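This report describes a model with two chains, taking each in turn and then the places where parts meet. The sequence and structure come first.

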Amino acid sequence: MQYENRPIYIQIADYLYEMILSGKWTDGERVPSIREMAVQMEVNPNTMTRTYGLLQEQGVIFNKRGIGYFAADKARDMTLRLKREEFIHSELPDFFKKMEFLGMTPEELDELFNRYKESNHEDK
Amino acid sequence: MITIDNLTFRYGKKPLFDNLNLSLKEGNIYGLLGMNGAGKTTLLKVLSGQLFRKEGDADVLGFDPGIRHPEMLREIFYLPEEFFLPRTSVEVYLKLYSPFYERFNKEEFEGYCEIFQLDLTQKLSDYSFGQKKKFLLAFGLASGTKLLILDEPTNGLDIPSKSQFRKTVASAITPERSFLISTHQVRDMENLIDPIVILHQGKVILNNTLEEVSSRIRMEKTLGEPAPSESILYSEKVPGGYYSIRKAASPSEESALDLEVLFNGVVTDPMGIGALIGEERA
């Protein structure tokens, strides 16, 4: 499946993972309500309900009845693991296919990656 | 909240609806799609007691809409495509019209007006067309009615207003209310309207949630024209390639949905795609 061609509720989930990984949503803290997020993202609240349902199923957020939704105590670690797995399964195969097609070796990649890291550190 | 059975309606001798069936539930933002002349506005007017059906049963909030019972009318706000606003101040308008709606909430109204950047000290007649529309939208959203009918609400709105429109609608919907929005501007409503209702050749040929739609079909963009096969239900040329609708092979791998392509596909092949999506679920 094409990586971009994913249903909207999954695309929103990605945004919420980003909130967790970037630290805007912190472990154990309360997160915005479904309604607040639906308004912010300008989507149907039913869609946001589906997204929250997915994150809840994965254990990244949980619902305290009558109070609202909270990020799990290990939300960041869990999200990182989820995103790593997704990267390995959804993105790497295409990437490897292209590498093979273009005749690139892991050694070349290693060098490029090191150069990338260096230039990134210089920027900071 | 709305049930219509075997509705028939004609203008003169020409039948517009022929045994039309429709059922709408609370808590949803329905998108009503249909080609020019399909009868979207007529359907909205029949539902709200502004036109009378010839045959068939209709139940709107527990009433026959043709009777125009006040108990029903106070639970419906209807924003027509072309509307009238009196030459008064906002204050006078609220005094005149808000008593019709017992749950009208002035704070919410002011909140929506703020999102729409409306100057409430101005006379209504000094507003531009788009501002008038936004004023009525804010009023309707704040009216608290169980049913809110919007006929082409984003026509005439400028670009920032379309985002403001989505925000206000998403914040005004509650489990007790339903919105029925007719539109040609599906890009303005993408990710907002769900379920989708498609009116075509006198019948409702689709009335399903996007979750139901995506459990039955996949959409795929390819560079080349997809080779004809049994699983390809529809395809059309779009900038940069082809968009095609396939039958879903497994329930797991959902795809993004493009409402324009969905509409074109369902209207081109109602018995195929429409029936496949609408099929009873096990």
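## Chain A

From the N terminus on, chain A runs α-α-α-β-β-α-α. That gives five helices and two strands; helices (H or I, at least four residues) and strands (E, at least two) are DSSP runs, numbered from the N terminus. This is a predicted model, in which local features need pLDDT of at least 70 and side-chain atom pairs count only at pLDDT 80 or more, while totals for chains, interfaces and linings use all residues. Residues are numbered from 1 along each chain as its sequence is written, and chains are lettered from A and ligands numbered from 1 in the order in which they are written.

The radius of gyration of chain A is 18 Å, whereas a compact globule of 124 residues would have one near 14 Å. This radius is taken over C-alpha atoms, and the globule rule is 2.2 Å times the number of residues to the power 0.38. Along the principal axes, the C-alpha atoms of chain A fill a box of roughly 55 × 35 × 25 Å. Of its 124 residues, 23% count as buried. A residue is buried if 20 or more other C-beta atoms lie within 10 Å of its own, exposed if 12 or fewer, and partly exposed in between, with C-beta atoms placed from the backbone. Among contacts in chain A with a separation of 6 or more, 60% are between residues 24 or more positions apart; two residues are in contact if their C-beta atoms, placed from the backbone, lie within 7 Å.

## Chain B as a whole

Chain B has ten helices and twelve strands. Its radius of gyration is 20 Å, close to the 19 Å that the globule rule gives for 282 residues, so chain B is as compact as a globular protein of that length. The C-alpha trace of chain B spans about 65 × 45 × 35 Å along its principal axes.

Of the 282 residues of chain B, 41% count as buried. For contacts between residues at least 6 apart in the sequence of chain B, 68% join residues at least 24 apart.

## The six-stranded sheet

Six strands of chain B form an open sheet with mixed pairing, in the order S5-S6-S7-S3-S8-S9. Two strands pair if DSSP finds at least two bridges between them. Strand S5 (76-79) and S9 of chain B are the edge strands, each pairing on one side only. From one strand to the next the twist averages 15°; axes are lines fitted to C-alpha atoms, for helices over the stretch in contact, and angles run from 0 to 180 degrees between N-to-C directions.

Within this sheet, strand S3 (residues 29-34) of chain B pairs with S8(B) in the parallel sense over four bridges. Leu33(B) stands opposite Ile198(B) in S8(B). H10(B) packs on the sheet and touches S8 and S9 of chain B, with its direction at about 40° to that of S9(B).

## The three-stranded sheet

A further open sheet of chain B has three strands in the order S10-S12-S11, with antiparallel pairing. Its edge strands are S10 (217-222) and S11 (232-238) of chain B, each of which pairs on one side only. On average, neighbouring strands of this sheet are turned by 20° against each other, direction ignored.

Six bridges join S10(B) to the antiparallel strand S12 (residues 241-247) of chain B. The bridge partner of Lys221(B) in S12(B) is Tyr243(B). Helix H9 (residues 259-268) of chain B packs on the sheet, touching S10, S11 and S12 of chain B, and its direction makes about 130° with that of S11(B). Helix H10 (residues 270-278) of chain B also packs on this sheet and touches S10, S11 and S12 of chain B; the direction of H10(B) makes about 120° with that of S11(B).

Chain B is assigned domain 1 (2-208) and domain 2 (210-278), with bounds from an automatic or database domain assignment. The C-alpha centres of these domains of chain B lie 29 Å apart. Ten residues of domain 1 of chain B are in contact with twelve residues of domain 2 of chain B. On the domain 1 side, strand S8 (196-200) and strand S9 (203-208) of chain B are the elements that give two or more residues.

Ala138(B) and Ile198(B) touch the most other members of the largest nonpolar core, which has 95 residues. Domain 1 and domain 2 of chain B both give residues to this core, so it lies between them. A nonpolar core is a set of buried Ala, Val, Leu, Ile, Met, Phe, Trp, Tyr and Cys residues joined through C-beta atoms within 7 Å.

## Where the chains meet

In the contact between the chains, 17 residues of chain B meet 14 residues of chain A. On the chain B side, helix H6 (159-172) and S10 of chain B are the elements that give two or more residues. H6(B) supplies the largest share of that side, five residues.
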